[in-house]
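Reader: I would be grateful for a close look at a single part of this structure. Please set that part in its wider context as well.

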Amino acid sequence: MFYRLSGVHHTRYETARQLWPIPADRWQVWILLALALGAPLYMADLYLTSYMLPWLVWSAAALSLTLLMGVAGQLHFGFAAVMAIGAYTSIHIARAGWPFEIALIGAGLTAAVIGCVFGAAALRVKGLYLVMATLAMQYLVDWVIINVPAISGGAQATLQTPDVTFLFVPMQGDTALYYGALLWAVIVTVLVLNIKRTSFGRALVAVRDKDYAASIIGVNSFKYKLLAFFTSSFLGGVSGAVLAFCYYQAVTPEQFGFNVSIQLVAMVLVGGLGSVIGAYLGAGFVLLAPIFLTNAMAYAAIQGWLTVSSNLLAHIPLMAYGALIIGFLLFEPLGLAKIYDNIRKYFLVWPFRHSGS
Amino acid sequence: MAYFLELLVNGALTGLMYSLVALGIVLIYKSAGVPNLAQGAMVMLSAYFIWMFTAMAGMPIFVSIGLAVVAMFAFGLLAERLLLRKMVGQPIIMIVMLTLGLEIFLRGVGPGFLGAAPKSLDLGIPLTPIIVGDVFINRDYLIGGIVAVVLIGLSLLFFRTRIGTKLRAVSDDHVSSWSVGISVERAIGISWGLAGISAVAAGALWGSVQGVDWTLSALLFPAIAVVILGGLDSIIGVLVAGLIVGILGSVIPGYVDPIVGGGTRNVVTSLIILFTIMLRPHGIFGREDIERV
Amino acid sequence: MRGLFKGLIGTVAAAALTVTGTAKTDDDTIKFALLQDFTAVYTFVTDEYNQGQRDYLTLINEEGGIDGYTFQALVRDTGNEPQRGLEAYNRARREGAVLVDFLSTPVSRAAVSRVLRDEIVMITVLHGRGDASDGTTFPYVFPMMATYWSQAAVLADHIEQNEDGLEGKRIAHVYIDSPFGREPVPVMQELAERKGFEYRTFAYPSPGTEQSATWSDVRRYRPDYVMIWGAGGGQPVSVREAIRNGIAPERILSVVWMAETDARTVGTDVATGLKRFEAVATGTDYPIMERIMETVIEPGLGTGDSENVGTTYYNIGVASMAVSVEAARLALEEYGGPLTGEKLRDGFRMIEDYDAEGMMPPLTFSEEDHQGGGFGRISQWNGEAWEPVTDWYASYQDIVWEEIEKDAAGFREGR
């Protein structure tokens, strides 16, 4: 009913090829975009600044990673280091007095170049060994940031973001920062959606499925692996910069530690490898589940439903979070995107249970 | 020179203590092909078990270690039965993430129920060093090193027993093992149990050195360097690579740190992982994977 | 999968409940937000510290509050993650908290610009930015106790008094390789130049569970004194390695992060003689602690294990709240209720020679000085407990303030 398929005839290639060929999907996207655009009007600042904004930026970061891990099949356990490179580059460029736009591009380019060094390992190995290699590089980048005061910012190891303007709009106040994050999330989303249906994206998928087979049919797997690392690190670097400027407003080395890399991988996996909507759902889950669990536990304790020591109370969300990750991998390895897909498929043929064919 | 020797000896011994953590990873990978990134958390859990039996139940330390061995063997069996068995055939990244999920879960359980503040374990090892010439040898590490060598030796011997032969068959090929009547599931379960036991040894020794809290799970990183360098499925590799990782991680920082003005050991460990993967991904003693299209 | 989906809905429902359930405000309670790290890096201290804070607030409430106002602690775990800390902060601000305490350096640093904008007092007891002692640059941030710079100065002064001068002495500074470990280095370098002693730094890698290579080097340096600068599990390892390498416990001086548990991990006898910096007295022989025992612990109102009462970190927690409540009292006396962040800040600045009935050095805050003087003392492990060996004192505050002003100027310039 919602997804009315009958009567939708694509008479031109352009309409059949568009991003969402089914009208129901299209209007859902428009509604979501309208809701996101109007968020500052109806959303209390707590939800806007503590939930929506970080969720959008982390979604953009998860999208960058899913392009690499899901579409191109290159595992990466050091993506937080890539984001750190972007964040630090942008903040140093901005503090040197250059415009914010250049700082963002610089962040992306630096992250992309160094990200390609990560990628060099991918030319040699894959799978588990690539996981270990990127993990080692995460430690190296962390070490360099901490041990070079010129990067991390002297004795306090904290860099405040300077006041900047983006396209003549001063990036101050919750609303401006929110729209900055939203703009970046939309750009990355549209980009990744389109990459997936270009020859570039298809080549990446071929490399993912079997790199030897891909080279036999004429896809240069070296080139595409490196390109995948370049693109994804560029997006990751800019996401790191956006995270620093729009959300943290101060950069410290701990913000991009190893555990953040793990969180990013968890976002991609829980969301569903290679899925765009999955990146949003996964980022939301990994980012917000611990927060919701902590608040739920605290509420239960205040209401007197749960009388345990405060130490155990604080650790229950951690246990639940670990258990949820395990649960997803065991029971729905394709992630939240698959759950969404199941629901969508159900409505595609609703009110019938199965389609005829 | 004495400085170099001291760095060498203590480095080698700490390296062997890392091998204790690494041994569990190798045991599991060898039979099941699962890279167990929760091994660090299992070390932490073992240390919590030992502490629980001594401090809360008031048992002597060695009885507690014995009980912890039983508990961790059971834990290994359970983890395999309930979690990893369901993941057979999934992509490697899913399995890696599952073990990381298990790590997060355990890091909540241990400190959550037993208290997050560090606890102390006393194995009764005296603090005074063994002094040879101008070289001070750390007794904790010496005993740890001996335990590591003994356990690695036992593992090697174990693989010559009847069950061990089955385990070797399983590590060669799951399907052909099934066809000759070996229960692959049980073999993998046993290797998880053994990994639990090696975690107890690591937990007791490291717990006595640094106190028991969740930071014990951070031992995973040097242990990964050991398994990568030695080869993911080689027990003798754990011994050799442990020595190399320990020595390089002690000698190089010993000379470079004063120049750089920072702790370089994590850098050395990272570089060991990177160079191994770039030059010889399957490690010194590991078996090379042959990939077919 | 269906079950999981239901579980997910359940979680969301529970979350929605918390969202709707917490938006009420009571006018006669003062809310302090203790949004700390119970599960990640600061676990070695948070449990006892937070217990002390809440027990003290309970004590004040049991004694009838202040001017009819009672205190409420909003406690959340942040896991040392800035995004969770900021969420908890925004939520607490909405619930009307006038004071936050993150006890986590990364979270505090990310929150600095926000508390300055929102005019909410943030106390950064023994963590966070040392330069926040500059009250004119950071009007709403209160380090409250001696910064790491002041601690280093106090420790150096102690050596000077013990040895009749620092001239020609060798001091080794062994620290965890992180910004925290490196923080006191400039102060010590300045002191070394001024006093003519030799000073060398030795870093061990994080998390500090294995330091043998570093200490082989330290032994060959033959230091007269060793200052150890770490936290949590790395601390007992440092002490054990030092003793093993022939450095007498009396010559090991630790940063404030050294507690009873650490001494037990080292071995209670072996550690005898070990010295540490102390910002707050340990034990229960102080009027406040006796009242807590009587009014809070014995009737069973305590928030945690009663064995923790009187430990180092518990008492630091009590002291942090004692100062904050004192500030609230002064603010209410001066301006009347309801309390706001701005009034509370002025309350802090009105505190003069407050020593929590003998538990801590007399603190005085002013518009410029949010550190409270940088006082501390040296205490020594006697095999059973930490025993003070000096009076409260502060040293070389001129050097400390040079550092504070240098970094604060950097912050003003947008660094």
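Reader: Which residue of β2(C) is the bridge partner of C:Lys31?

Author: The model is a predicted one, in which local features need pLDDT of at least 70 and side-chain atom pairs count only at pLDDT 80 or more, while totals for chains, interfaces and linings use all residues. Residues are numbered from 1 along each chain as its sequence is written, and chains are lettered from A and ligands numbered from 1 in the order in which they are written.

The partner of C:Lys31 in β2(C) is C:Gln72. This bridge belongs to the pairing of β1(C) with β2(C), which is parallel and runs over 8 bridges; two strands are said to pair if DSSP finds at least two bridges between them. Strands (E, at least two residues) and helices (H or I, at least four) are DSSP runs, numbered from the N terminus.

Strand β1 of chain C covers residues 29-36. It also pairs in the parallel sense with strand β3 (residues 97-101) of chain C, over 4 bridges. There, C:Ala33 has C:Val100 of β3(C) as its bridge partner. Of the 8 residues of β1(C), 6 are buried, and the strand is mostly covered. Buried denotes 20 or more other C-beta atoms within 10 Å of a residue's own, with C-beta atoms placed from the backbone. In a regular strand the side chains alternate between the two faces of the sheet.

β1(C), α2(C) and β2(C) together form a right-handed β-α-β unit. Right-handed here describes a path from the first strand over the helix to the second that runs clockwise, with the strands pointing away from the viewer.

Chain C also meets chain A, in a contact that takes 44 residues from chain C and 42 residues from chain A. Residues are in contact if their C-beta atoms, placed from the backbone, lie within 7 Å. Among the elements of chain C that each supply at least two residues to this side are α2 (43-62) and β2 (70-77). The side of chain C that touches chain A has 16 nonpolar, 15 polar and 13 charged residues. Nonpolar covers Ala, Val, Leu, Ile, Met, Phe, Trp, Tyr, Cys and Pro, charged covers Asp, Glu, Lys and Arg, and the others, Gly among them, are polar.

As for domains, whose bounds come from an automatic or database domain assignment, chain C is given domain 1 (26-146 + 283-374) and domain 2 (148-278 + 378-404). Their centres, taken over C-alpha atoms, are separated by 27 Å. In chain C, 16 residues of domain 1 are in contact with 19 residues of domain 2.

How values were computed
Contact = placed C-beta atoms within 7 Å. Buried ≥ 20, exposed ≤ 12 C-beta atoms within 10 Å, placed from the backbone.
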